[in-house]
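Visitor: Could you walk me through this one while I have it open? I would like to ask things as they come up.

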Amino acid sequence: MPEDWPEGFGAVIETVGVGVHIAKRVEKVAEAVIGRDMTAVIFGAGAIGFFTAMAFKRRGMNVILFDPKESRRNRAAKWGFQVFDAYNEVIENDLLSQIQGIGPDIVVEAAGTLDSFTNAIKLV
């Protein structure tokens, strides 16, 4: 990283890079389902989950985020994402009602918690 860049800038770039990398890896899946809208579910609306959501949205995907923190849900909602409280919502029922009962095309676990991992596996 260039020495004249602000301190901490590298951490932001790395976090954005993770989200963009995930989205690029998913493009091959997207090619297989061309002709219909794709839905991605992301557990965790922290930095990595949020930037992954942004990268998916830029590629035209419908993105649904789950996070227990109200501040993260509010930020994501301001950017136009569908958001749910990861602890207080009935994840499978609410989610399936949002995506016509067929399940998501992509599930990303970006929270690093056992609960989010368990819920992500249920949707795969």
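Visitor: Is D67 buried or exposed here?
Guide: In this predicted model, D67 counts as buried, because its relative accessible area is 2%, and the cut-off for buried is under 20%.

Visitor: Which residue forms a salt bridge with D67?
Guide: The partner of D67 is R72, and the closest N and O atoms of the two are 3.5 Å apart. R72 itself is partly exposed, because its relative accessible area comes to 28%, which falls between the limits of 20% for buried and 50% for exposed.

Visitor: How many salt bridges does the count come to?
Guide: The count comes to 2 salt bridges. Besides the pair of R72 and D67, there is a salt bridge between the side chains of R73 and D85, at 3.7 Å from N to O.

Visitor: And what does the pair of R73 and D85 tie together?
Guide: R73 belongs to helix 3 (residues 70-78) and D85 to strand 3 (residues 82-85), so the pair links parts that are 12 residues apart in sequence. R73 counts as buried at 16% relative accessibility, and D85 also counts as buried, at 11%.

Visitor: Which residues form the nonpolar patch on the surface?
Guide: The patch is made of L114, F117 and I121, which together have about 340 Å² of accessible area. F117 lies in helix 5 and counts as partly exposed, at 45% relative accessibility.

Visitor: Where is F51, then?
Guide: F51 sits in helix 2 (residues 47-58) and is partly exposed, with a relative accessible area of 27%. Its C-alpha atom is separated by 9.7 Å from that of A23, although F51 and A23 are 28 residues apart along the chain.

Visitor: Last one, what pattern does the protein chain follow along the sequence?
Guide: The pattern is α-β-α-β-α-β-α-β-α, from 5 helices and 4 strands. Of the 124 residues of the protein chain, 35% count as buried.

Terms used: Residues numbered from 1 in each chain as written. Predicted model: local features only at pLDDT ≥ 70, side-chain atom pairs only at ≥ 80, totals over all residues. Heavy atoms only, no water. Patch = residues over 30% accessible without salt bridge, like charges linked within 9 Å, V, L, I, M, F, W, Y side chains within 5 Å. Areas by Shrake-Rupley, 256 points an atom, 1.4 Å probe, with all protein chains shown as cover. Salt bridge = Lys/Arg side-chain N within 4 Å of Asp/Glu carboxyl O. Helix = DSSP H or I, 4+ residues; strand = E, 2+ residues; numbered from the N terminus. Buried < 20%, exposed > 50% of the residue type's maximum accessible area, 1.4 Å probe, protein only.
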